[in-house]
Amino acid sequence: MTTQTMERPSQTVGGVEKVLEIEDLKTHFFTRDGVVRAVDGVSYHVLKGETLGVVGESGCGKSVTALSVLRLIAKPGRIVQGKIKMSGRNLLDLSDEEMRTIRGNDVSMIFQEPMTSLNPVLTLGRQISETIMLHQGLNKKDAWDKSIEMLKLVRIPEAERRVTEYPFQMSGGMRQRVMIAMALSCNPKVLLADEPTTALDVTIQAQILHLMLELKEKTGTAIVLITHDLGVVAETCQRVVVMYAGKKVEEATADELFERPLHPYTVGLMKSIPRLDRAATTDHPGRLMEIPGMVPSLKNMPPGCAFAPRCSFATERCRREIPAFEMKASGHYAACFNSDKVAEIHHG
Amino acid sequence: MTATTPAVIDIVEPPKPLGRIIYEFARRNPTVIFGSGLLLAMVTIAVFAPFFAPGDPLALAPARRLRPPSETYWFGTDMFGRDVYTRTIYGARISLIVGICVSALSTVVGLAIGLLSGYVRIVDAVIMRIMDGLMAIPGILLAIAMMALTKASVENVIIAITIPEIPRVVRLVRGVVLQIREQPYIEAAQSIGTRFHRVLLKHILPNVMAPIIVQATYICAAAVLIEAGLSFLGAGTPPNIPSWGNIMAEGRTFFQIAFWIILFPGLFLSVTVLAINLLGDGLRDALDPRLARRM
Amino acid sequence: MYAYLIRRILATIPVMAVVAIFVFSLLFLSPGDPAAIIAGDLATADDIARIRERLGLNEPFLVQFGKWVFNLARGDLGVSIFSNLPVSKLMLQRLEPTLLLTTTTLIIAICAAVPMGVIAAWKAGTIIDRGVMLFAVLGFSFPSFVLGYLLIYGFAIKLEVLPVQGYTSISKGFGPFLNNIILPSLTLGMVQAALIARMTRTSVLEVLAEDYIRTAHSKGLATNKVLIGHALKNAAVPIVTIIGISFALLIGGAIITESVFAIPGLGRLTVDAILRRDYPIIQGVILVFSGAYVLVNLAVDIIYTFLDPRIRY
């Protein structure tokens, strides 16, 4: 069953090249207690130079999707189905050796915990230059010089000295900058950023996001920004994909999404952001809103729409049938039978 | 609005019955079952030795010396004509007695010292220096030195092996006590007036139990090995008592012509120690997976 | 970093002090008259008195201790009761075989065990992993003398490829030396290898679960580079620690192994001394072995600083 009725299979959208396209990806984990369908038929693409936001709460599969692109899924997980297209090749067809030339080179990833994502016993210079030496064939000295350049690029002061230091000598924000430097050192086409600012202070968050956007302008790298924070998405992304329980539930440009969300889950997410600027009205009461219930266990999904048990718009049909992911408005897609009702009630 | 109250999803799984837990444990850790079984067999043999070996382990029969294993003499005879099989069976007693006694003694003493050391800082500094010093002397060497100064007897062997093992237990207990002492719930308990000995019993002791039991098992294995080693070198149990180490020591000179004197006690010794070690591994994995790292 | 080193060196002093006190006091801690025990069961009252005089047991405890320490500082470890030769001389004569045996054993054990542990961790849960762990438990459980005799029986008696016993000094050629040292080294090294392999596996397994290993893979590094360059260096500290601690077992095992293979080293010296209750030798041996153990652990502390930069500060 097709989950997308939108595109004619093409390499461009509106004239801009697609650098990465994930097609009907399914990544499952075969545990002793059952099969966890972490990613269950997800498709999205990233255009050259754009920032795509992937939003959802913990466990919805957004990180696993990114790890699947790099084929870093360890046992008991396995990519069961799908295509990941880049430069005309399906990454899932490549051999291990070929895949290694992609990692860190065409596609890079930065992770959520800068405190533990860097090797504590190796110098920063060594950690950055090894990628450069591996993919760009430079010798040790040239790679080291390039590392210093990269550190300067991410605005680390005294780069020449820092490059000989160790991660424990730096703060969380600085370590994340180093991660970014490492990730961009070989000019990747796509940067997968998995919750890069979640573990950082709010002020540092802003700095890092700003830095990422700036570098994106300079290098032309597309960014997939994975986050649960809609505030971050609003600031940085052109397009947004919303995921829930392993599937995509909504996709639109950022403006459209915030203006007119068409899926009850997206609405729920937006309403749960604490807003200090609104006085208590019937639409936005003074209490913090939450989405009642909990994410279903991915081993034991209910029949029908996965969100139905928690949805205030749910009908009998929702509980029986899985809604198709389809275009509801130009460039705006959702998987819901009741999108029109949602649109009626909630404007941004 | 067609809103309906969302149903509450029950995501709590029902608890597994005890039988199933044991079955799954056995399936995942076959070595533990194997080890415990072996150990049980050894203990049975030791306890019911006269039943398994009706002869006299000390009976001399020089006319039948150095006979290879046969139907009458399952493990052959030694240089005095004694039945190696009978001696080996009785030897199990010594090894297991020593192992268990050393294990129990060192655990009790180490527990006491460790608790004291963990709780009273001044005492701690002194005790830890002494323990460090003791640990710097290789265990067998320490035992040998002590045996060299006393009459050979099973009791003295037990004491000689216990003393080098105490520092290990002290370290372990002290480590746990220090760790727990810092926890907020201890402070909370003390602030509502809980007496010291209750804090000890209810909070500290349960946390110490698991690592101590595992350590005690390993100490038992080590003790069996050290006793055999001591006896082999001539510094262990007195020669008139058949212990595996003694039998092997006696068999050394005749090794090339009558290897069975060394082989059978050696095999029994290895199997026993292996069984105890497997049991220790299993306990370690079962009681606390985090322990597996510290040990 | 120098502060760290000096602190470590200073910390060895109280430890050796405790060892010295203990070694010296041992004579007095045992029940009964030490001189009578040393003299043996067949001694006359005169013999006992003579021994007491020789060992200076008639003087007050502290005076004796003082004299003993003073002599130690001069390198005088006393005189053997049995042979009347200086203990230090006897020990120096026997030093080479023991030193070489332990060194060879350690090298073989580390070279075999560390790769085994790394592979076991990498292939955790598979049959290779279980095999390595089984080997580790077996190696740890087999008493060294049993293994020794098994090896002798197999290789020396049945197959006749290697000598049954004995020791050939390196000065007579490396080949002959190796020939004689192989079986003893394997016997002695089994326990070491088992311990090291186990700790390596545990440590590497823990490290492999860390985030920075995922980062290393995400950069496109090959598996062996990740294992050796990234994982092993982080896993090294516990491994080196266990090598240091197991040195005590190595020494104990050497005593037994020298006995089995008739190697004329310090271990044999100790065994002979026990049988004769030649206490000055026993004292000297304990001091030297403990001192060696303390030095080895000091070396381990120094090696830490090279492995983990955080330890320097």
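## Around Ile144 of chain B

Tutor: Apart from its neighbours within four places in sequence, Ile144(B) is in contact (C-beta atoms, placed from the backbone, within 7 Å) with Leu230(B) and Ala235(B) in its own chain, and with Thr270(C) and Ile274(C) across in chain C. The model is predicted, so local features need a pLDDT of at least 70 and side-chain atom pairs count only at 80 or more, while totals for chains, interfaces and linings use all residues. Residues are numbered from 1 along each chain as its sequence is written, and chains are lettered from A and ligands numbered from 1 in the order in which they are written.

Ile144(B) also belongs to the largest nonpolar core, a set of 256 residues in which Val224(A), Ala143(B), Ile144(B) and Ile196(C) touch the most other members. Such a core joins buried Ala, Val, Leu, Ile, Met, Phe, Trp, Tyr and Cys residues through C-beta atoms within 7 Å, where buried requires 20 or more other C-beta atoms within 10 Å. The biggest contribution to this core, 19 residues, is made by H10(C), a helix being a DSSP run (H or I) of at least four residues, numbered from the N terminus.

Taking the meeting of the two chains as a whole, 38 residues of chain B are in contact with 41 residues of chain C. On the chain C side, at least two residues each are supplied by helix H1 (2–29), helix H2 (34–39), helix H6 (127–141), helix H7 (144–158), helix H8 (174–208), helix H10 (223–261), helix H11 (266–276) and helix H12 (279–307). H1(C) provides the largest share of that side, with 7 residues. By residue type, the side of chain C that touches chain B divides into 32 nonpolar residues (Ala, Val, Leu, Ile, Met, Phe, Trp, Tyr, Cys and Pro), 7 polar and 2 charged, the charged class being Asp, Glu, Lys and Arg and the polar class the others, Gly among them.

As for confidence, chain C has an average pLDDT (the predictor's confidence in each residue, from 0 to 100) of 84, and 93% of its residues score at least 70. Within chain C, the lowest confidence is found in H2(C), with a mean of 66, and the highest in helix H9 (residues 211–218), at 92. For the complex, the predictor gives an ipTM of 0.84 and a pTM of 0.83.

Notes:
Buried ≥ 20, exposed ≤ 12 C-beta atoms within 10 Å, placed from the backbone.
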